[in-house]
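Start with the structure itself.

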Amino acid sequence: MNDKKLSLPSKIWDDVFRYLAFGSGLVVILLIVASLITLIIQSWPAIKHYGLSFIWSTDWDPLAEKYGALPFIVGTLLTSFLALIIATPFALAGAIFLGELAPKKIAEPISFIMELLAGIPSVIYGLWALFFLVPIIRAFQMKIGAPPYGLGIFTASLVLAIMILPYALSVARDVIKLCPNDLKEAAYGLGATRWETIRGVILPYAKSGIVAGIVLALGRALGETMAVTMVIGNSSTLPSSIWDLGNTMASVIANEFNEAQGLHLAVLVEIGLLLFIITVIVNLIARIFIIKTRV
Amino acid sequence: MNNTNNVRYQWRRTKNQIILATIAVLAIIPAIPLFVILFQLFQKGISSLSIDFFLNLPAPPGEPGGGIKNAIVGTFIIVGLASLMGVPISIMAGIYLSEYGKESKFAHLVRMCADIFQGVPSIVIGIIAYAWVVKPLGKFSALAGSVALAIMMIPVVVRTTEEVLRLVPNILREASLALGVPYWRTVLKVVLPTGMVGVTTGVLIAVARIAGETAPLLFTAFGNPFMTYNPLEPMNALPLLIFNYSMSPYEDWWQQAWGASIVLITIVLLLNIASRILARRVAGEK
C-alpha cells in the first residue's frame with residue numbers, strides 16, 4: 001500500500017537529481033563556451049576594425065585611437081620566459097632535493113611550508129616587491145649603468161620567478177617521488193653513485209612530469225596580473241632591453257580597463273581574448289605531458 | 001691498472017658529492033625570498049595593527065586613525081556570496097562526475113573543461129564578470145565580484161569533490177541500494193556524508209584561493225572607501241585596498257597596506273592550514 005505511494009515520486013526524484021547533477025556538469029562546459037563567446041562579442045568592434053595587424057602593430061595611443069598589442073605580447077612573453085629561466089634550475093634542484101635526497105622528516109615540513117607560501121596572494125608579492133625588491137634592483141642598475149628605474153621587465157620577471165617556483169617544484173617533486181624503487185636499486189646494484197642514479201634513472205623517468213610542471217608554471221606566469229602590474233612600470237612602448245619599463249597583456253588590462261570606453265575597451269577585451277587562448281593552449285600542452293607521465 | 005680504477009672511482013665519488021651539494025644549495029636559495037617576504041610583512045605591518053585599525057573606516061591620507069573595517073567586511077561578503085553561488089553547483093557537478101558520468105565521453109569533456117578553466121587568468125575572468133553583471137546592471141557591484149570569484153572556485157571544488165567521492169567504497173552504495181534506498185538518496189545520505197571531510201577540504205582550498213584574488217575584483221567590486229553591506233553597490237575588499245593603497249603616493253597608506261596584508265595573509269593561511277588538517281584526517285581514515 002505504502003509502496004505505491006512511495007515508488008512513483010522516488011523514481012521522479014531519482015530523475016530530477018540525475019538531471020540536476022548532469023546540468024551542473026553541463027554548466028562547467030557552458031562556462032568555458034560562454035566565456036569565449038562573451039570575449040569575442042565584446043571585442044568584435046576591435047577585431048573588425050584592426051584585423052590581424054593588431055597583433056603586429058607596436059603603436060599604442062588611445063587618444064589617437066591607435067592600438068597595437070605587440071608591446072604587451074612581447075612584455076608577457078619576455079617576463080614569463082625570463083621568469084621560467086630564473087626559476088627552473090631552482091625548481092628542479094628543489095624537486096630532486098625534496099623528492100629524492102632529503103629524508104622524510106625534513107622533506108615533509110618543508111613541502112608543507114612551501115605549499116602554504118604558494119598560497120600567498122599575488123597582491124602581497126607585489127607590495128613586497130614594490131617596497132623591497134625595487135630599491136635593490138635600482139641600486140644594482142646604478143652599478144651596472146642601466147637606467148635606474150627599479151621598476152621594469154627584469155623586476156617583474158624576478159617576482160614572477162619567485163611566485164611560480166612552488167608550482168613547478170611541487171609537480172616535479174611528485175613525479176620524482178613516483179619513480180619505482182626497483183629501478184633505483186638496479187642502478188645502485190650496478191655500482192652507480194647517487195647522482196648517477198638521479199641523472200640516469202630518476203630524471204629520465206620523471207621527464208614528462210618535470211616538463212608538465214614547467215609548462216603549468218608558464219601558464220601561471222602568462223596570466224599573472226597584480227604583482228606584475230605593480231612593478232613593471234606600465235609603459236606602452238616596445239621594450240628594447242630587460243631593464244626597460246614595460247607592460248604585459250594582463251597588466252595593460254588591469255591599468256586601463258576602468259578608464260576605457262568604446263573601441264579602447266573592445267581592444268582591451270581582445271587582448272584578454274588573446275590571453276585566454278594562449279593560456280588554454282599552454283594548459284592543454286601541460287595536460288598532454290601529465291597524461292604521458294601516467295602511462 | 002688498479003690505480004687508474006681507483007682514481008676514476010675517487011673522481012666519481014667527488015663528482016657525486018659536489019653535484020649533490022650544489023642541488024641542496026640551489027634547493028634552499030628559493031626559500032630565502034619567501035621567508036624574507038613573511039618576515040618583512042610582519043616587521044613593517046605589525047605597527048599599524050590596533051583595535052582602531054579593525055574597527056575604523058578608511059581616513060583620508062594624512063589623517064590618523066584610518067582603519068580597514070569596510071574592506072574586511074567586504075571581503076567576507078564577496079567571498080561568502082561567491083561560495084553560495086559556486087559551491088552547490090560545483091558539488092553537484094562533482095557528484096555527476098563520480099556517480100553518473102564516470103568514464104563517459106561527456107564526463108571527460110567536463111573534466112577537461114574544469115582543468116582548462118583552472119588555468120584561465122583571473123584578470124580575464126574579471127572581464128567576463130564585467131560583461132555579464134556590471135554591464136547589464138550599469139554599475140560596479142560586489143555581486144559582480146562574487147560572480148567572478150564563484151567562476152574561479154568552480155573548477156577546484158568540482159575536481160576535489162569528484163576525487164573524494166570516488167574514494168567512497170562501492171560496498172556502501174550497494175548496501176544502501178539493497179535496503180531499497182533510491183540512488184539519489186544514497187548519494188545524498190551515504191556517499192556525500194562519507195566524503196564530506198574531503199569535500200570541505202576542497203571548498204576551503206578554493207575559498208583560500210579566491211580570498212586573496214585582486215585582479216577579478218578590479219572592474220567588478222571596484223572598491224569603495226565607505227561602508228556598505230549592499231551587494232549591489234561597489235564594495236571594498238582587502239586585496240583591492242592593499243593594491244590601491246600601495247600604488248598611492250601616501251606614506252601612511254603604504255603603512256596601512258602592510259597592516260592589511262597581515263590581516264589578509266592570516267585569513268588565507270588559516271584557511272589553508274585548516275584544509276591541510278582536514279586533508280590529513282581524510283588520509284588517516286582511508
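## The nonpolar core

A nonpolar core here is a set of buried Ala, Val, Leu, Ile, Met, Phe, Trp, Tyr and Cys residues joined through C-beta atoms within 7 Å. In this predicted model, the largest such core has 182 residues. Those with the most contacts inside it are A:V159, A:I164, A:A168, A:A172, A:V231 and B:I242. Helix α6 of chain A, residues 153-178, gives the most to this core, with 18 residues. Chain B contributes as well: domain 1 (2-48) and domain 2 (51-285) each supply at least three residues.

Take A:A168, one of the residues with the most contacts inside the core. Which residues does A:A168 touch once its neighbours within four places in sequence are left aside? The contacts are A:A87, A:T88, A:A91, A:G213, A:I214 and A:A217.

## Chain B: fold and form

Chain B has twelve helices and zero strands. Its radius of gyration is 25 Å, well over the 19 Å that the globule rule gives for 286 residues, so chain B is more spread out than a compact globule. The C-alpha trace of chain B spans about 80 × 70 × 35 Å along its principal axes.

Buried residues make up 48% of the 286 residues in chain B. Among chain B contacts with a separation of 6 or more, 72% link residues 24 or more positions apart.

## Confidence

The predictor gives the complex an ipTM of 0.91 and a pTM of 0.92. Chain B averages a pLDDT of 92. In that chain, 98% of the residues score at least 70.

Terms used. Residues numbered from 1 in each chain as written. Chains lettered and ligands numbered in written order. Predicted model: local features only at pLDDT ≥ 70, side-chain atom pairs only at ≥ 80, totals over all residues. Buried ≥ 20, exposed ≤ 12 C-beta atoms within 10 Å, placed from the backbone. Helix = DSSP H or I, 4+ residues; strand = E, 2+ residues; numbered from the N terminus. Domains from an automatic or database assignment. Contact = placed C-beta atoms within 7 Å. pLDDT = per-residue confidence, 0-100. Rg over C-alpha atoms; globule rule 2.2 N^0.38 Å.
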